[in-house]
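I opened this entry to note what I looked up, one item at a time. The structure comes before the notes.

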Amino acid sequence: MPAEGFASICENGVGLSTLAFGLDYADDVVLDNEFANFSNGFPDMVLVPDLSTFLIVPWDEKSALVFADCFDMNGNPIDIYPREVLRKIVERAKRNQIYPVMSLEYEFYVLSEDISSMDDKGYTNLKAIYPSQGYFDINRTWHAHFLKEIWRQMKACGIFVDSFE
């Protein structure tokens, strides 16, 4: 979104269809989704940026990343939104004097495919950019520069990386 509209969105939020909760990884509509479906017309929701997550992305100083919280049109949090699910789990744990400590494991594959070839293959049997996709693959020297750049960019985002496997 253009920077000029960001202040207004921070104050008022931005409307979006709940269709986002009704799509699978290939952007196909999940028909048995009770929350967002053709029967309820994929109702609107409001996304409100959480400014505590605001980050200027290091690879483009004119761009930022910010997470948002999702609310229905009456201002109620959307219960199936992952940040809301996590928030409720943490609150319930704290009520029981349990203090969760969490971490993320970022996992990804680097593919030599483009969107068109992935779509043609039905998102199956995709070709990795390097010959082995196994854990502890020590023959990665030919693309070490690429992994080093990912590591550098993640560090610039405040994400600690202890290893690549």
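**Asp69 and its surroundings**

I started at Asp69, which touches Val46, Leu47, Val48, Asp50, Tyr81, Arg83 and Arg87, leaving aside residues up to four places away in sequence. The model is a predicted one. I placed Asp69 in strand 5. Its side chain makes a polar contact of 2.8 Å with the side chain of Arg87. Is Asp69 buried or exposed? I read a relative accessible area of 14% for Asp69, and because buried means under 20%, Asp69 is buried.

**The core**

I then looked up the largest nonpolar core, which has nine residues: Phe21, Ala36, Phe42, Met45, Leu47, Ala68, Cys70, Ile78 and Tyr81. Strand 2 (44-49) and strand 5 (68-71) are the elements that give two or more residues to this core. For Ala68 I listed contacts with Leu47, Val48, Pro49, Asp50, Tyr81 and Arg83, again leaving aside residues up to four places away in sequence.

**Aromatic pairs**

I counted four aromatic pairs. The ring centres of Phe21 and Phe35 are 5.5 Å apart with planes at 90 degrees, so I noted the pair as edge-to-face. Both residues sit in the loop between strand 1 (14-17) and strand 2, 14 residues apart. Phe35 is partly exposed, at 28% relative accessibility.

Phe21 also pairs with Tyr81: the centres are 6.3 Å apart and the planes at 85 degrees, so this pair is edge-to-face. Tyr81 lies in the loop between strand 5 and helix 2 (82-95), 60 residues from Phe21. I found Tyr81 buried, with a relative accessible area of 14%. Phe21, Phe35 and Tyr81 form one aromatic cluster.

How values were computed
Residues numbered from 1 in each chain as written. Predicted model: local features only at pLDDT ≥ 70, side-chain atom pairs only at ≥ 80, totals over all residues. Heavy atoms only, no water. Core = buried A, V, L, I, M, F, W, Y, C linked by side-chain atoms within 4.5 Å. Buried < 20%, exposed > 50% of the residue type's maximum accessible area, 1.4 Å probe, protein only. Helix = DSSP H or I, 4+ residues; strand = E, 2+ residues; numbered from the N terminus. Contact = heavy atoms within 4.5 Å. Polar contact = N/O pair within 3.5 Å; in protein donor to acceptor, adjacent residues only side chain to side chain. Phe/Tyr/Trp six-rings, centres within 6.5 Å; stacked < 30°, edge-to-face > 60°.
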